[in-house]
Amino acid sequence: MKIKLITMGLLLGAVSLIASSVMVSDAYVRATPPNMPNSAAFMMVMNKSANDLSIVSAKSDVAKKVEIHTHDMVNGMMKMHQVEKVDLKAKSHTLFAPGSFHVMFLGLNKSLKEGDTVDFTLVLSNKKRLKSVLL
Ligand SMILES: [Cu+2]
């Protein structure tokens, strides 16, 4: 079902990994045709703890720059822009999805094919790191 939402590219697969009380599930990255410089990762992030947290940055070797983005409606058009953080309210989940929050990979070091492995790290406000591996 998710694949149908993606205009270009395919699901690379999904794995979830855990760092303490925050969990990532259903993570996937857009596959890219050759010469496509950018891609994005989407996922569900669950904060199972009793504390409000936030994601403050993301890191990966797959691209020169990794940013956290969201989309807003500007003059009737969806535009994406970088955000400083994504709040993860206590005992709730936050969706990274097309048209909303996403981890943006800018300047890919290679094109991403279905079946590739992409790993990236989300840095939380409590200094903990969530390592996600997309297969
Ligand atoms: Cu973006």
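This is a predicted model: local features need pLDDT of at least 70, side-chain atom pairs count only at pLDDT 80 or more; totals for chains, interfaces and linings use all residues.
Helices (H or I, at least four residues) and strands (E, at least two) are DSSP runs, numbered from the N terminus.

View 1. Residues are numbered from 1 along each chain as its sequence is written. The protein chain has 1 helix and 11 strands, and its elements run α-β-β-β-β-β-β-β-β-β-β-β from the N terminus on.

**View 2. The nonpolar core.** Take buried Ala, Val, Leu, Ile, Met, Phe, Trp, Tyr and Cys residues, join them through C-beta atoms within 7 Å, and you have a nonpolar core. "Buried" here means 20 or more other C-beta atoms within 10 Å of a residue's own, with C-beta atoms placed from the backbone. The largest such core has 31 residues, and Ala-41, Met-43, Val-66, Val-103 and Phe-120 have the most contacts inside it. Among the strands that each supply at least two residues of this core are β3 (38–47), β5 (63–74) and β10 (118–124).

**View 3. Strand β3 and its surroundings.** Of the 10 residues of β3, 7 are buried, so the strand is largely enclosed by the rest of the structure.

**View 4. Who pairs with β3.** Two strands count as paired if DSSP finds at least two bridges between them. β2 and β3 run antiparallel, joined by 6 bridges, with Val-22 opposite Asn-47 in β3. Strand β8 (residues 92–96) is also antiparallel to β3, through 5 bridges; there, Val-45 has Thr-94 as its bridge partner. β9 pairs with β3 in the antiparallel sense over 4 bridges, and Met-104 in β9 is the bridge partner of Ala-40.

Methods
A residue is buried if 20 or more other C-beta atoms lie within 10 Å of its own, exposed if 12 or fewer, and partly exposed in between; C-beta atoms are placed from the backbone.
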